[in-house]
2 protein chains.
Amino acid sequence: MQSKFDYNALLNEYNGYKQQELKLDMSRGKPAENQLDTAERILTVIQTNADCFSRDGIDCRNYGNLTGIPEVRELFSNILGVSPDEVIAGGNSSLNLMYDTVARAMSHGVKKGSKPWSKYDKISFLCPVPGYDRHFAICEYNNINMINVPMIAEGPDMDVVEMYIKNDDTIKGIWCVPKYSNPTGITYSDETVMRFANLKPKADDFRVFWDNAYALHDINDKADKLLNVLEAAKKVGNEDLFYIFTSTSKISYAGAGIAALACSKNNINAVLEGLKVQTIGYDKINQLRHCRMFPTFESVLEQMQKHLKIVKPKFVAVLEAFEKNLSGVEDINWTNPNGGYFISLNLPNGTAKRVVQLAKEAGVTLTPAGATYPYGVDPEDRNIRVAPTYPSLAELNKALPIMCCCAKLAIAEKQIR
Amino acid sequence: MQSKFDYNALLNEYNGYKQQELKLDMSRGKPAENQLDTAERILTVIQTNADCFSRDGIDCRNYGNLTGIPEVRELFSNILGVSPDEVIAGGNSSLNLMYDTVARAMSHGVKKGSKPWSKYDKISFLCPVPGYDRHFAICEYNNINMINVPMIAEGPDMDVVEMYIKNDDTIKGIWCVPKYSNPTGITYSDETVMRFANLKPKADDFRVFWDNAYALHDINDKADKLLNVLEAAKKVGNEDLFYIFTSTSKISYAGAGIAALACSKNNINAVLEGLKVQTIGYDKINQLRHCRMFPTFESVLEQMQKHLKIVKPKFVAVLEAFEKNLSGVEDINWTNPNGGYFISLNLPNGTAKRVVQLAKEAGVTLTPAGATYPYGVDPEDRNIRVAPTYPSLAELNKALPIMCCCAKLAIAEKQIR
């Protein structure tokens, strides 16, 4: 265990980096330009008027078809392991579908006759931490109280989850990224998924927001397998508890993909009550483009292999840099995921913010410390979400020694204080 | 004035139509297939990876740019006569932008610190009638009371509008289709627009929902001109009163166009407070497609000429059929608009529902009677929205005599009762 650093040597090294005047961005889980390049064919799969019809003759240029065209519902049914009529295919943003689902529950409740969440004095969501800042932002904006639940190796600590949900009917939801979780990269174990499927919430309007954003996003040959929660929930009549989200944002285009909500038919019908007022239908031409680009599930998997080839070396670079520079440092550890977009780095308590600040001043933008916690507050100020996909490998190899230097410098600063 | 009909002759004629077993749809304001065909080039204006960048280098395939890419904001600034930074370009649906704007006002108020509309005991919108059913549906779903305001030749009766807005602070909004209004085809007069611009609402969170869906949608060489309400409102410091909506749904594709919200910078900033939580950004590739297809405002106007050529003969056919079959009938009149998607037909009181039912049984689907009024209730049961664009001219020429026969038969039925 290395526990004592040479502050002056680190400061010298850091100042050297500063003089390079770099501008590197490791802040968001964005695909790199060459990942986006792999989907080029989607731009030309529809070229003529005659191309614009779905397989059963829907003119995708015109209004209508609120739930999405049949083939795009089928595409998502294959990705998520649900039935096509359990899918609503949307626009380009699964975040938007999540926001709308929460907003609708706030204003109208989760089903016909149920009390709008906004009419309760106080409601809460459970938030496994570290987690995804944009999930937490939806709660904060909608005045939903957030309760931290620790992530363990198997997923959220289900003892804690069950304790809250079973006993407290003001708990109305929980945010989950069940596969290659943001930012830990953990995939929920079979036992965890089964415990979710068998939850007995005290509130009859409790819902699980199951954001399966990284369903197919392996970076290793050794891929994680996620149990099908909707299937398991059906066996105990619990299927209405789940809203499942995914998108092609990291399959085709981050800004111009297709998002989907999958859920029980009861929930689909309840969602449509609001959705039919909100829009006449999402962009069906772009839905059709995706179906032409990905006519089979196998073609989606082939596409994911192209992403894997680009993303994997970046994860390897991060892990190697951490191994080389941070291994053996007291109270530092990081995750080594089989997929997803993030590595979660835990530092000694009270140093994460300082590391992000030091890195910023040296031209390396990291995800803000605290962002992985509700209200932006990491109670121990120790977690940093590392997002290696957006920079090139060359940029990453410049940024990583700087990041590691900042981590050690922040520790050294504390030691000399 | 024709006031007495031969019931048996009309019934014979009607039964003859019935035997044809037609299936014709005049229910919605949808573009016809050959209108959609005119935009074919938009499918191929972006073909390669290198094509996917906005003029200032934004990778439109990736996340980001919540307000839309600069060139699409400029496109809408030209269509609406506002500044580009007064525009948020969205996804494919202006209805969705309207819904979201109402929903946000319900949950969070119209600006920082203002009371959410849902926290009032009761709030109301003014609804010029006849009007657009999907506007009314947004109110109904959100439990906003609706108050009918008569449409006169100049637009909504502004004496009534001002009386309500000046005296009642529970009036929070009004729905307007200021140009080629749905369904009357009326364009608000300069005086009406000026009175809107100078409104002095009692409620400080009152907003005008100015749905300029038909800004460029002339069907005659004699085009209506709509005064610029935002410009006029600025002169009296009233610019925060307006949310202006439009879209390319009836310029490019009804289901795959681009929608926009235009408003004061104060309102833009207030909207973004919620929008930044709701999504990371709308589909920028489709925004860019529209800018490549329509690099200048002139190119949009050229496109509208193609629509005009297809749409105009259909309006002429309706007007000729009405003239031939219904002219001189007591208590029947219809509008003769210079643009838009509708003709508004007024029948003798208490016959509209019956006409729609008779037409349906003869295979002609009309917009449901009452749809043009809040809660689906036309108090006099006399208005039918005629939507001539979707059927072909040949289909229309089959449907129109049937529709006219149904109108006369419904009147005759009343006479023999």
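Where is the place of D331(A) in chain A?

Modeller: D331(A) is in the loop between α11 (297–326) and β10 (333–334) of chain A. Helices (H or I, at least four residues) and strands (E, at least two) are DSSP runs, numbered from the N terminus. The model is a predicted one, in which local features need pLDDT of at least 70, side-chain atom pairs count only at pLDDT 80 or more, and totals for chains, interfaces and linings use all residues. Residues are numbered from 1 along each chain as its sequence is written, while chains are lettered from A and ligands numbered from 1 in the order in which they are written.

D331(A) is not a glycine, and yet its phi is positive, about 65°. Most residues other than glycine have a negative phi, and most peptide bonds are trans. With 13 other C-beta atoms within 10 Å, D331(A) counts as partly exposed. The cut-offs are 20 or more other C-beta atoms within 10 Å for buried, 12 or fewer for exposed, and in between for partly exposed, with C-beta atoms placed from the backbone. In chain B, D331(B) lies in the loop between α11 (297–326) and β10 (333–334). Phi of D331(B) is again positive, near 65°, and D331(B) is partly exposed, with 13 other C-beta atoms within 10 Å.

The peptide bonds have an exception too. N182(A) and P183(A) are joined by a cis peptide bond with omega of about 5°, and P183(A) sits in the loop between β6 and α7 (190–197) of chain A. A cis bond also joins N182(B) and P183(B), with omega of about 10°; P183(B) is in the loop between β6 and α7 of chain B.

In chain A, eight strands form an open sheet with mixed pairing, in the order β2-β9-β8-β7-β6-β3-β4-β5. Each of β2 (87–89) and β5 (155–156) of chain A stands at an edge with a single partner strand, so one side of each has no neighbour in the sheet. Two strands count as paired if DSSP finds at least two bridges between them. Strand β6 (residues 171–176) of chain A runs parallel to strand β7 (residues 207–211) of chain A, joined by four bridges, and G173(A) stands opposite R207(A) in β7(A).

The strand pairs of chain B can be followed one by one. Strand β6 (residues 171–176) of chain B is mostly covered, with six of its six residues buried. On one side, three bridges join β6(B) to strand β3 (residues 124–129) of chain B in parallel, and L126(B) stands opposite I174(B). β6(B) also pairs in the parallel sense with strand β7 (residues 207–211) of chain B, over four bridges. β6(B), helix α7 (residues 190–197) of chain B and β7(B) make a right-handed β-α-β unit; right-handed means that, with the strands pointing away from the viewer, the path from the first strand over the helix to the second runs clockwise.

β3(B) has a further parallel partner, strand β4 (residues 145–152) of chain B, with six bridges. The crossover from β3(B) through α5(B) to β4(B) is right-handed as well. β4(B) and strand β5 (residues 155–156) of chain B run antiparallel and share two bridges, forming a hairpin with two residues between them.

Last come the two chains together.

The contact between the chains takes 46 residues from chain B and 47 residues from chain A. On the side of chain B that touches chain A, α4(B) gives the most, with six residues. Residues are in contact if their C-beta atoms, placed from the backbone, lie within 7 Å. Of the interface residues of chain B, 100% are also interface residues in chain A, so the copies meet through the same surface.

Definitions and conventions
Contact = placed C-beta atoms within 7 Å.
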